[in-house]
Amino acid sequence: MIPALGIAAFDAAGPLGPWRFERRTPGPRDVQIQILFCGICHSDLHTVRGEWGGITYPQVPGHEIVGRVVAVGPDVRKWRVGELVGVGCMVDSCRTCEPCQAGLEQYCTEGNTGTYGGVEKETGRPTQGGYSTTIVVTEDFVLRVPENLDPAAVAPLLCAGITTWSPLRHWKIGPGKRVGVVGIGGLGHMAVKLAAALGAEVTVLTSSASKVADARRLGAHDVIVAGDAAAMRAHRNTLDLIIDTVSAPHDIEAEMRLLRLDGTLCLVGVSPEAHPMPAAFTFIGKRRALAGSLIGGIAETQEMLDFCGAHGITADIERIAAADVNQAYERMLRSDVKYRFVIDLATLEAPAA
Ligand code: NAP
Ligand code: ZN
Ligand code: ZN
């Protein structure tokens, strides 16, 4: 076993704090990574606070991991010691089912192995995430990080980036398409950057008037602040795809009316409670669709990282010390994130003995 240090939740209500634990000894096809940076995703907060159920404590969250390879098993072919790599939301899947064979490991029929909150196949123990000093991952679930990008600002691409990239690609977004992005947090700000880089015209819907200028800087052509009924009317029947990143229940009917014929509203935000269902005629009148999307596959994640490397795209981040994680969670709940917190793991200190 390999000693590791993490930032763990010990129960649903209390603060996170330092915790000593162990990683498995690398097997023949495993890669050991020294973690440099890990982003803070809203899913980390949902999970450790028990909002999604099924959690065992202590739990180290974190699935936006960037680090350096420090050891490889004897049969590893893809990675060498010293390479800059990433790990996202999954560390394994069955690899044989139809979705896995199609490169859609996130939809594995047996369930993918979450980077945290899952069960490690090799040991049967709970998986522990990236708010930690080191991680051991099977080589096929490790991603190549472009060396030309700031590694701290790359970390959020491993979840926020791929979760918005995947629907943009699935719904074939490019020049001539109009994309709406709802919520400018970690996911939303990446959706704006990626959709704009793919050549789409982007309209942002935000509940924060203070984010209008930032939304334009990120690449939005238009911004609608919640409550602006005239702007909502003016944008009716215009959008091909809306990516909704909001983490709380809200009025999706109003959003759906912005879709043109055959447009799709894709939920990526995970509200713990259901949204009120839009009226049937809102769908029928323009053959609109309501959909959802879960992160992205491994090959698609590499495609996104390579695209970001080629276009110089990273997240806008606030780099924080390990001791500031609890404060970051409180700010995230107030939608006060510009636009992703990233933990510098070099600042993680061992718990008092
Ligand atoms: P985040 O950084 O907290 O951003 C969420 C944004 O939604 C906020 O910045 C805010 O933007 C808006 N918002 C929040 N509460 C709201 C409310 N009550 N009413 C209206 N708007 C509100 O969160 P994130 O990390 O981007 O994650 C967003 C959601 O996606 C979470 O539920 C997370 O669990 C989920 N997620 C899903 C996947 C997937 O695979 N589908 C992957 C990762 C995360 P404005 O200030 O602009 O309104
Ligand atoms: Zn995430
Ligand atoms: Zn599978």
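**Reading the sites**

Modeller: The zinc ion (ligand 3) is held by Cys 94 (SG), Cys 97 (SG), Cys 100 (SG) and Cys 108 (SG), at 2.3 to 2.4 Å. Donors are N, O and S atoms within 2.8 Å of the metal (3.2 Å for Na, K and Ca), and water is not among the atoms, so sites may look incomplete. This is a predicted model: local features need pLDDT of at least 70, side-chain atom pairs count only at pLDDT 80 or more, and totals for chains, interfaces and linings use all residues. Residues are numbered from 1 along each chain as its sequence is written, chains are lettered from A and ligands numbered from 1 in the order in which they are written, and side-chain values use heavy atoms, with hydrogens and water left out.

Colleague: Why is the arrangement around the zinc ion (ligand 3) called tetrahedral?

Modeller: Ideal angles for four tetrahedral donors are 109.5 degrees. Here the four donor atoms subtend angles of 104 to 119°, which makes the arrangement tetrahedral (four donors, all angles between 85 and 135 degrees). Along the chain, the donors follow C-x2-C-x2-C-x7-C.

Colleague: Are Cys 97 and Cys 100 buried or exposed?

Modeller: Both Cys 97 and Cys 100 are buried (under 20% relative accessible area, 1.4 Å probe, protein chains only).

Colleague: Which residues come nearest to ligand 1?

Modeller: Thr 206, Ser 207, Ser 208, Lys 211 and Arg 340, of 29 residues around ligand 1 (a heavy atom within 4 Å). For polar contacts, look for pairs of N or O atoms within 3.5 Å. An oxygen atom of ligand 1 lies 2.6 Å from a side-chain N or O atom of Lys 211. Backbone polar atoms also take part: Ile 184 at 2.7 Å from a ligand 1 oxygen, and Gly 186 at 2.9 Å from a ligand 1 oxygen.

Terms used
Tetrahedral: all angles 85-135°; square planar, octahedral: opposite > 155°, others 65-115°. Buried < 20%, exposed > 50% of the residue type's maximum accessible area, 1.4 Å probe, protein only. Polar contact = N/O pair within 3.5 Å; in protein donor to acceptor, adjacent residues only side chain to side chain.
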